[in-house]
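Please read it alongside the sequence and the coordinates.

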There are 2 protein chains.
Amino acid sequence: MKILTQSLPNSSAAYLQGYLRENTDSSVTYPTVIIVPGGSYTHIPERQAEDLALAWVARGYQAFFLRYSFISEKTPLLPNPVIELAQSVAAIHAHATTWHVDLRRLAVAGFSVGGHITALFNDWWSEADFNQQAHTTPEQLKVQAVILGYPVISPDLGFPTDAATLATWSTTPKKIAADQHVTAANAPTFIWVTANDPLVPVQNALAYAQASLTHGVDTELHVFHNGPHGLALANSVTAWKPGTDLPHVAHWLDLATEWLQDLK
Amino acid sequence: MKILTQSLPNSSAAYLQGYLRENTDSSVTYPTVIIVPGGSYTHIPERQAEDLALAWVARGYQAFFLRYSFISEKTPLLPNPVIELAQSVAAIHAHATTWHVDLRRLAVAGFSVGGHITALFNDWWSEADFNQQAHTTPEQLKVQAVILGYPVISPDLGFPTDAATLATWSTTPKKIAADQHVTAANAPTFIWVTANDPLVPVQNALAYAQASLTHGVDTELHVFHNGPHGLALANSVTAWKPGTDLPHVAHWLDLATEWLQDLK
């Protein structure tokens, strides 16, 4: 395996970090996942992002994580991180052969606000306006599937809780309500969350799942009954306080990987 | 193991069938599950009901299935099967010692219309009117948890599709809309379904999960992306046509059993 860092156009701080198995046969490709970590749009938990990427590497995937822009770097922040995700997907399309990526099996997995970025990307990838902003084409942004872990979806659903924070996210809150922009063009979507998430209400995940089902998108939803926000792998690798190593919730990764393999 | 059949009061046709491990030590008790099978209120798939019961027996449970009344026996049918389920729970309370039942770990698992019966029982178990009809007390109806597989929840949610069938179910359709009668007294509730169920729309499961979450009930929900109605164990044991042996969906049983063990 090699670790590489790919900078993104027009972005001083954002980059894509890859964990890639090497192969002398250029025709060999692997399923691939891009991790979009959480961090409240104020930071990136890079070690957790790497642990999530490595969990897929261990399952035979090429894996990346996106270090996107923060509020302190670009305010209001959105849609900048969504554009950076689009440019990351386009970069992987461009380097598919050298990075041994199977583009038919390319997925994006976003967590918390990373789930917000990923859900908005899933809604916008085929839109002309968005592609113009990102300097991409829809063909360059195609992914097979999207995974959302305890995602932020809409400011109407309980996160953030104050107007001042929301103002740093966007001046057009309706535009970043991801459940309101789902179309039949969305990629198959897998969502997991805990019912009693005390920070980002479960209603975020439910609203996006409902929108996805309503538009006939291939949808899978797992609401585990108990666990705090930000569980990542929900195992001992990413446990960050007592009560975050939860074997029941940790099934999400096998369920998600199996679902990816199960997609037509 | 012994197999026993327990008749129910005031019911010519309904009975409770038990699959019980024996033990000479009367202080030994086991977790217990009551299966309420589907069958569109027109019949009971008894072999499938037995396979579901035996799946829990294999996990160390005492297991029962309920053969409840059909439309052809009592019309309009409801609330008769719900009363029969209440009388079954009361019978298990009454025989807990001889049947080696741990009453702190007694669950009901209903499938399809059996999920409808179970959801209504979950809504009504503590109500005075219902207990008067069933000749029970709330104390006799306490269960630890409820499991709903691809449940019918409300006539407003796409099943049954015709007024004539609904009229055989009930003359008061609002009363049998199970999502409308959830309270904080409901037992912890686990729900699973497939997103593209062509017979009973996924909206049934979502509406009940939403009501359960809204009332602060311990709730777990698993929406698997693909599979027909009536999957039972979703494995080779209960497969009844091509496309019903689905290893991905079959995880529901381990998830449910783990959730039961995880309950406080």
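## Salt bridges

In this predicted model, the side chains of Asp254(A) and Arg59(A) meet in a salt bridge with an N to O distance of 2.9 Å, a salt bridge being a side-chain nitrogen of Lys or Arg within 4 Å of a carboxyl oxygen of Asp or Glu. Asp254(A) belongs to helix α7 (residues 251–262) of chain A and Arg59(A) to the loop between α1 (46–57) and β4 (62–67) of that chain, so the pair ties together parts that are 195 residues apart in sequence. Helices (H or I, at least four residues) and strands (E, at least two) are DSSP runs numbered from the N terminus. Asp254(A) is partly exposed at a relative accessible area of 45%, and Arg59(A) is likewise partly exposed at 34%; buried here means under 20% relative accessible area, exposed over 50%, and partly exposed in between, with a 1.4 Å probe and protein chains only.

In chain B, Arg59(B) forms a salt bridge with Asp254(B), where the closest N and O atoms are 3.0 Å apart. This pair also links distant parts of its chain, with Arg59(B) in the loop between α1 (46–57) and β4 of chain B and Asp254(B) in helix α7 (residues 251–262) of chain B, 195 residues apart. Arg59(B) counts as partly exposed at 35% relative accessibility, as does Asp254(B) with a relative accessible area of 45%. Glu139(B) and Lys142(B) meet in a further salt bridge at 3.5 Å, N to O, in which Glu139(B) is exposed at 53% while Lys142(B) is partly exposed at 41%. Over all chains, the structure holds 10 salt bridges.

## Conventions

Residues are numbered from 1 along each chain as its sequence is written, chains are lettered from A and ligands numbered from 1 in the order in which they are written, and side-chain values use heavy atoms, with hydrogens and water left out. Since the model is predicted, local features need pLDDT of at least 70 and side-chain atom pairs count only at pLDDT 80 or more, whereas totals for chains, interfaces and linings use all residues.

## Strands of chain B

Strand β2 (residues 15–20) of chain B is mostly covered, with six of its six residues buried. Tyr15(B), Gln17(B) and Tyr19(B) point one way from β2(B), whereas Leu16(B), Gly18(B) and Leu20(B) point the other way, and all are buried. In a regular strand the side chains alternate between the two faces of the sheet.

Two strands are taken to pair if DSSP finds at least two bridges between them. Strand β1 (residues 2–7) of chain B pairs with β2(B) in the antiparallel sense over six bridges, and Leu4(B) has Gly18(B) as its bridge partner in β2(B). Five bridges join β2(B) to strand β4 (residues 62–67) of chain B, again antiparallel, with Tyr19(B) opposite Ala63(B) in β4(B). Strand β3 (residues 30–36) of chain B is mostly covered too, seven of its seven residues being buried. Six bridges join β3(B) to strand β5 (residues 101–111) of chain B in parallel, and four bridges join β3(B) to β4(B), also in parallel. Ile34(B) stands opposite Val108(B) in β5(B) and opposite Phe64(B) in β4(B).

## Nonpolar core and a buried asparagine

A nonpolar core is a set of buried Ala, Val, Leu, Ile, Met, Phe, Trp, Tyr and Cys residues joined through side-chain atoms within 4.5 Å. The largest such core has 196 residues, and those with the most contacts inside it are Trp252(A) and Trp252(B). Leaving aside neighbours within four places in sequence, Trp252(B) is in contact (heavy atoms within 4.5 Å) with residues including Leu52(B), Trp56(B), Phe111(B), Trp192(B) and Phe224(B).

Asn204(A) lies in helix α6 (residues 203–214) of chain A and is buried, with a relative accessible area of 0%. Beyond its neighbours within four places in sequence, Asn204(A) is in contact with Pro151(A), Val152(A), Ile153(A), Ser154(A) and Leu157(A).

## Relation of the two chains

Chain B can be laid on chain A with an RMSD of 0.0 Å by a turn of 180 degrees and a shift of 0.0 Å along the axis, the superposition being by least squares on the C-alpha atoms of residues with pLDDT of at least 70 in both. The two copies are thus related as by a two-fold rotation axis. The same surface serves both copies, in that 100% of the contact residues of chain B recur in chain A. Among the residues of chain B, His222(B) comes closest to the rotation axis, its C-alpha lying at 2.3 Å.
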